[in-house]
Amino acid sequence: STVNSPSTPIIIPSSPLQTSFIPKTSQLSIFKKKKPFNFASKKLVSCKASDRNQNNADSSSLNRFDRRDILLGLGGLYGATNLVSDPFASAAPIAAPDLSLCENSTVTSSSSGTSISVSCCPPKATNIIDFKPPRFSNIRLRPAAHLVDANYLEKFTKAMELMKALPDDDPRSFKQQANVHCAYCNGAYDHVGFPDKQLQIHFSWLFFPFHRFYLYFYEGYWGNPTSPLYDEKRNVDHQPPKMLDLDYAGTEELLSKRDQIKSNLSVMYRQMVTYKTPSLFHGAAYRAGDNPSPGMGSVENNPHTAVHRWVGDKREPFSEDMGNFYSAGRDPLFYAHHCNVDRLWNIWKLLLGKKRTDFTDTDWLDSSFLFYDDNANLVRVKVRDCLNSRTLGYDYQKVNIPWLKNKPTPRRPGRGSGSGSAMAAETNTKTVIRNAFPIVLDKLVRIEVPRTKKSRTKVEKENEEEVLVLQNIRVDRDVAVKFDVYINDEDDETPTEPEDSEFVGSFTNIPHNHHNPAVKLDTNLTLPLSDLLEDLDIERDDNIVVTLVPKEGKGLVSIGNIKIDFVRD
């Protein structure tokens, strides 16, 4: 089952059906044309950003960062950041937390009323080394799982065995590596200088860079209890040859293998191709002193969350291991999964579109984390150090991308302009809500949302994305929820699916906790509309009808407001 794959697309099954979805060479023209990388060349492009421009690289330097030197992720920065001597004194990047103030994580379950206290705090260190890129001459390729040979797998298995054999208090041990994710994601840290603001690296623009530093090459196996790659806390109903469901909502969908493949490919197309700007892809800005969880980017929302939920064991009280942030790092599969997520960051920047770049905001570039290297030295790194995986000494093997040709299509083509207002009138008896917020999602809800700009010039279309914004989504952090969002969908009988253009996206949550369990998750969801409006031929409509369908956690989610806006980053 390809869910175990560290680097192959998680939506490609190992089956004869795979070939029917592989695009022809001409279909790969959606990628930007790049000069092929010469592995024999010593002129490597650095991603290290200058103070003015993240792309102002020192191309003459051969210094690079070997990922072996920052192998195991951690957190910690003793004392507040010295902004007096910092050239970005007026900025507010997130600083790595103070290890001495680390607290136990509280893991709760609203449904059962149970809770446990988990010690995720890392070993203390007396010295922190600032990152300096070392020299290296070779880029190592992380291979696609279906192309891994026996020798490679043997080495990986041995590496896992050695990590698990280390003492638990060794910062390089497998237990401590798992604790890193627990501490950063389950309320163990506050912002430096802001003791009332919890640090959370999900639901924001920190998701990709943190996990890139954190992960290393893992490959997961389900079945052999004697293997160091085995984890007993996995969903027993999802063992191979069961196919991964990227639209997973906590229940089993009775789809044929072909239909499941089509659904997965459509999910990947939407999450990768239609999200065209840094904030839509990475997530919302998150600065020192901000409330946590301002808003997820596309891949973090899905497929990232779907895989966590699909693998986690529903028999366990908190859906351990993969189904809860506090325990996800205990499953070797976590690292395989995040290798693939990391790979998607590389792919996204190669797709067509001038806005597919990383942020240039110094508050993002100078956000920092700490990682233990293979000599147990604690090393401080910044986001700007990981914008290009080649700077860390690795890249991913190039394979076909089947989802590039699986663009969703309208359920009812030809509805055309005016269908939004007409639908609102037709379904008035079905309760189309207008400005009645907050909404509790205890049933299917339809909301008529006005559009502020119905006609845009070519230049405006090139420089901005029309988006649907769901504001102040509130839910208990420790529950798994999923709701789907549709646009101008008028069919109550047949469910809208990811392969339909009317399917805009979903909101998902992996159970996690704040150090104060009473504090709800309060976040936003931003979904791109520009391509969808064009596909449905409703670009000139005054209004659209938004349909919200609770799929998991019915009645547990409220939404403060819904509006249409424009993203120009």
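This is a predicted model: local features need pLDDT of at least 70, side-chain atom pairs count only at pLDDT 80 or more; totals for chains, interfaces and linings use all residues.

Biologist: Which residues lie nearest the centre of the largest cavity?

Modeller: Its lining has 15 residues, and those nearest the centre are Arg 270, Thr 274, Asp 531, Leu 532 and Asp 535. Two or more lining residues come from each of helix 4 (257–273), strand 16 (503–509) and helix 11 (530–535). Helix 11 gives the most, with four residues.

Biologist: How do the residues of that lining divide into nonpolar, polar and charged?

Modeller: Eight are nonpolar, three are polar and four are charged.

Biologist: Now the backbone. What should I expect of phi and of peptide bonds?

Modeller: Most peptide bonds are trans, and most residues other than glycine have a negative phi. The cases to look at are those that depart from this pattern.

Biologist: Which peptide bonds here are cis, for example the one from Pro 240?

Modeller: The bond from Pro 240 to Pro 241 is cis, with omega near 10 degrees. Pro 241 sits in the loop between helix 3 (207–214) and helix 4. Another cis peptide bond joins Glu 320 to Asp 321, where omega is about -5 degrees. Asp 321 is in the loop between helix 6 (298–311) and helix 7 (333–348).

Biologist: And phi: what value does Ala 376 have?

Modeller: Ala 376 is not a glycine, yet its phi is positive, about 65 degrees. You will find Ala 376 in the loop between strand 8 (368–372) and strand 9 (378–382). Asn 488, also not a glycine, has a positive phi of about 50 degrees. Asn 488 belongs to the loop between strand 15 (481–487) and strand 16.

Biologist: Is Asn 488 buried or exposed?

Modeller: Read the relative accessible area: buried means under 20%. Asn 488 has 9%, so it is buried. Ala 376, with a relative accessible area of 29%, is partly exposed.

Conventions:
Residues are numbered from 1 along each chain as its sequence is written. Side-chain values use heavy atoms; hydrogens and water are left out. On a 1 Å grid over the protein atoms alone, a cavity is a set of points where a 1.4 Å probe fits but cannot get out, and a pocket is an open set with protein on both sides within 12 Å along at least five of seven lines; lining residues have an atom within 4 Å of a point. Ala, Val, Leu, Ile, Met, Phe, Trp, Tyr, Cys and Pro count as nonpolar, Asp, Glu, Lys and Arg as charged, and the others, Gly among them, as polar. Buried means under 20% relative accessible area, exposed over 50%, partly exposed in between (1.4 Å probe, protein chains only).
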